[in-house]
Amino acid sequence: MFRKPTLINYLLIIIIAIFCTNCNEEPNRENFDFQHYFPLSIDQKEFFVQIAIDPKEHRQGLMFRNSLDENHGMLFAFSYPKQVAFWMKNVPIPLDIGYFDSNGRLIEIHSLYPNDETQIVSKSHSIQYTLEMNKGWYHQNKISTGKYIDLENALKYIQLRKTSLNLKD
């Protein structure tokens, strides 16, 4: 059998080894993929969005979806402000889209019709985010131009998506 000081020494070595092993581990990262929903708000109205951050996701958007849950939508984030255009190719549900500037201010709201391939071009050349929601969502929630999206959280979630995909800023 071990002498007491030796046993205590072994236990201390084991505890220190476990502690040091855990110190070097990278924290568990959740996979924030394209299907993940994030909570956001506009004017204290909470909703959930998937976030499209790269050209492939921008092209995919809500195509082939037969429904969109209440208070759920898709936020499209662009690298820089620009004039944008959206259409409804292969999207069988009616939507409304909001165009937001780089400060998160809602500039324009447009209706989108199922499978309509007519481009809805923004009047503004300073759009950096767009938000697609079910038809009538903006009106029902009294969200009009001039309101602001919770940009602080949106930017945090956009960064999580980029980190998850190993994309650079």
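Started with the lining of the largest pocket. I sorted its residues by type and got 19 nonpolar, 7 polar and 8 charged. The model is a predicted one, which I'm keeping in mind throughout.

Next I looked at the pocket itself. The space in this largest pocket comes to about 700 Å³. I found 34 residues lining the pocket, and D54, P55, H58, F76 and F78 are the ones nearest its centre. Which elements give two or more residues to that lining? I noted α2 (55-60), β3, β4 (85-86), β8 and α4. β3 has the largest share, with 6 residues.

β3 kept coming up, and I turned to the sheet. It is an open sheet of 6 strands with mixed pairing, and I read the order as β1-β2-β3-β8-β5-β6. At the edges I have β1 (38-42) and β6 (106-112), each of which pairs on one side only. From one strand to the next, the twist averages 35 degrees.

β2 (residues 45-52) and β3 (residues 72-82) run parallel, and 5 bridges join them. For V49, I found that the bridge partner in β3 is G73.

Last stop: helix α4. I see it lying across β1, β2, β3 and β8 (127-134), at about 155 degrees to β1. I picked out E152, which sits in this helix (residues 151-164). Is E152 buried or exposed? I have E152 down as exposed, because its relative accessible area is 68% and the cut-off for exposed is over 50%. I also noted that E152 and G104 are 48 residues apart along the chain, with 9.1 Å between their C-alpha atoms.

Note on methods. Residues are numbered from 1 along each chain as its sequence is written. This is a predicted model: local features need pLDDT of at least 70, side-chain atom pairs count only at pLDDT 80 or more; totals for chains, interfaces and linings use all residues. Side-chain values use heavy atoms; hydrogens and water are left out. Helices (H or I, at least four residues) and strands (E, at least two) are DSSP runs, numbered from the N terminus. Buried means under 20% relative accessible area, exposed over 50%, partly exposed in between (1.4 Å probe, protein chains only). Two strands pair if DSSP finds at least two bridges between them. Axes are lines fitted to C-alpha atoms, for helices over the stretch in contact, and angles run from 0 to 180 degrees between N-to-C directions. Contact means heavy atoms within 4.5 Å. On a 1 Å grid over the protein atoms alone, a cavity is a set of points where a 1.4 Å probe fits but cannot get out, and a pocket is an open set with protein on both sides within 12 Å along at least five of seven lines; lining residues have an atom within 4 Å of a point. Grid points are joined across faces, edges and corners, and a volume is the space filled by probe spheres set on the points. Ala, Val, Leu, Ile, Met, Phe, Trp, Tyr, Cys and Pro count as nonpolar, Asp, Glu, Lys and Arg as charged, and the others, Gly among them, as polar.
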